[in-house]
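Reader: Hello! Could you take me through the aromatic pairing in this model, and then the helix packing?

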Amino acid sequence: MNAIIYTTNTGSTEHYAKLLAHETGLPAYSLAEAKKKVYPRIEVIYMGWIMASSVKGYAEAAKRYHVCAVCAVGMGQTGTQADVVRKKNRIPVNIPIFTLQGNFDIAKLHGPYRLMMEIMVKTAGKGLANKSDRTPEEDDMLDMMLHNGNRVSIDNLGSALDWYRTRN
């Protein structure tokens, strides 16, 4: 394993990449930086943010590098959505996927993503708020939508770190 490469929008994925870099000793680069500093086809851990189950930057990273694991950061709780993310992004079954819950703050979103999430919060948030039998995961999602939320934590990286340590 040679590097951690990431794409971030609001900073959650970058924060996770730096935490993972600290724990593993691997250098972490944004995808743009990596193009100048990391040789093609070397082994990397790719970290990207989730939008509609798509891991931003994964396809580009997979074409350039040998992606050995994917850490996908989104609003869902850590460890959820892996099957959907794998299918949507066509991530081979031999590549482990670790889904990580990130932060949510509409004010930090850029471009069309901000508008899309404002609409999602109004529609999905209203639906969740009116739901009488919410699960704990749905309560957490609603809380993030209504009050923003900071869920980045080293604990969320536990499975990814376990995988890395057994591999190296």
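Author: Happy to. Buried here means under 20% relative accessible area, exposed means over 50%, and partly exposed lies in between, with a 1.4 Å probe and protein chains only. The model is predicted, so local features need pLDDT of at least 70 and side-chain atom pairs count only at pLDDT 80 or more, while totals for chains, interfaces and linings use all residues. Residues are numbered from 1 along each chain as its sequence is written, and side-chain values use heavy atoms, leaving out hydrogens and water.

Phe98 has 12% relative accessibility and therefore counts as buried. Searching the whole structure gives two aromatic pairs (ring centres within 6.5 Å, using the six-membered ring of Trp; planes under 30 degrees apart are stacked, over 60 edge-to-face, the rest tilted). In one of them, Phe98 and Trp163 are tilted, with 6.2 Å centre to centre and 50 degrees between the planes. This pair links distant parts of the chain, 65 residues apart: Phe98 belongs to strand E6 (residues 97–101) and Trp163 to helix H7 (residues 158–167). Helices (H or I, at least four residues) and strands (E, at least two) are DSSP runs numbered from the N terminus. Trp163 is also buried, because its relative accessibility is 17%.

Now the helix packing. The axes of H5 (residues 112–130) and H6 (residues 136–147), lines fitted to C-alpha atoms over the stretch in contact, come within 10 Å and cross at roughly 140 degrees, on a scale from 0 to 180 degrees between N-to-C directions. The contact (heavy atoms within 4.5 Å) includes Met120 and Leu128 of H5 and Met141 and Leu142 of H6.
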